[in-house]
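Here's a quick briefing to read alongside the picture. Take a look at the fold before going on.

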Amino acid sequence: MKHEQRPNRTANIQNPKLEGRRVLVGVGGGIAAYKVCEVVSNLFKSGVDIRAILTQAAQEFITPLTITTLSRHPAYTDPVFWQPSHTRPVHIELGEWAEVFVIAPLTANTLGKLAHGLADNLLTNTVLASCCPVLLAPAMNTEMWEQVSVQRNWQQLLSDPRYHSVGPDAGLLACDRVGSGRMAEPEEILASVRSLLHTNGKRDLVGKRVLISTGGTQEYLDPVRFIGNPSTGKMGLALAQAALHRGATVTLVHAPISWEVPLGVRAISVVNAAQMQQAMLECFPDADVIVMAAAVADVKPAEYAQEKLPKKLLPNSLPLEPVPDILAELGQRKQPHQRLIGFAAQSGYIVKPALEKLRNKKLDAIAANPIDKPNSGFGSDTNQAIFLDKQGRQLEIEPCSKLELAHHLFDFVSNISG
Ligand code: CTP
């Protein structure tokens, strides 16, 4: 089927910005190559144009036909440097074509070659013939990964700002060893690719400490019942991931969430507003950028029962008390170098109430977030917002993935002066 004739894919709605973006995937020889199939398949569903190169060793684990089928484009293999359909050498054309180059799994061998600028196959030649950001996802046995020579090569490679890394994680390896060297999961790799497509490799938050709150706080009435809200924490996790991908040191204070905190993010788990307040106040003085994305339950039961209340003892009405306004308190303590950002989850007209919150809580910026639109707000993978800042700037962000929205917010904040 020709590309133009493809039927509409729902993934386009989730990630409209990825349609037609160009990602080159280099597959190395390791058992984790099977996981790359999921990466390719997901990128395709997001509308990305994919080309892939398999090294000879990679073909011992997966076939070119697998990748060809998933990417809807013939996979490239050695020793082809010329193809009749290309007017110039394949490595030059592919290198110029790619917006992001992902190498997964990255073997010790390819890692060593890249660290020393060597090129003896199509994959490594294409790296040298390209200048786009390269995302590396190493995968190997723990002993191999921890070798001084491999670590030296790895550090040398990462000292070049062109190279970005994802993983390796620790866990059970195919050699039955439990340790580091496991390739990052497809979702982590996909998030890093999406970030690189947005930032083009920009690491504008290197040296910055970013503090984010997320999730819906819960105020318990007894050990099993609480006042809460439907927030799942996805927006804050996307903010943490985006900040991490831009080079920041990230701390995430989270109320209960149903998702894993990205590797590399310092997580502080809390339940109620008082605990979140304490954690945020403790971390606040060291932070440069603070984003309060948590949905703080505004009230708590006036009394807490230590034992579960039997049904017949449940009151007909519940006396409530307000919880602290954490963001307003941070606004009072804010130093001139700090950037404080809030979220305003609103229904109906969203700009006016968000502007009031911006002023009252002494914020630098606020993301006014409609919760009554389809594919937006609590629990959704996508979101939309109007960003407002203290200088009167206003920027509307159309529906996009939460990761994309997070990047737009950091772009917006980077232009706030004073
Ligand atoms: N917020 C907070 N502490 C609270 C309530 C809200 O830190 N007790 C923060 C939220 O994390 C968000 C911002 O304040 O960044 C706005 O929250 P929102 O719930 O939209 O507004 P409220 O201030 O609670 O006002 P209202 O519920 O009346 O809209």
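How many Å separate the centres of domain 1 and domain 2, taken over C-alpha atoms? The answer is 35 Å. Keep in mind that this is a predicted model: local features need pLDDT of at least 70, side-chain atom pairs count only at pLDDT 80 or more, and totals for chains, interfaces and linings use all residues. Residues are numbered from 1 along each chain as its sequence is written, and side-chain values use heavy atoms, with hydrogens and water left out.

**The two domains**
- Domain 1 covers 7-199 and domain 2 covers 209-413, with bounds from an automatic or database domain assignment.
- In contact (heavy atoms within 4.5 Å) are 13 residues of domain 1 and 14 residues of domain 2.
- About 1100 Å² is buried between domain 1 and domain 2, and carbon and sulfur atoms give 55% of that; buried area is the accessible area (1.4 Å probe) that two parts lose on being put together, summed over both.
- On the side of domain 1 that touches domain 2, α1 (10-14) and α9 (186-199) each supply at least two residues.
- The largest share of that side of domain 1, seven residues, comes from α9.

**The sheet**
- Six strands line up as β3-β2-β1-β4-β5-β6 in an open sheet with parallel pairing; two strands pair if DSSP finds at least two bridges between them.
- Helices (H or I, at least four residues) and strands (E, at least two) are DSSP runs, numbered from the N terminus.
- At the edges sit β3 (76-77) and β6 (163-165), each pairing on one side only.
- Strand β2 (residues 49-54) runs parallel to β3, joined by two bridges, and Ile53 stands opposite Tyr76 in β3.
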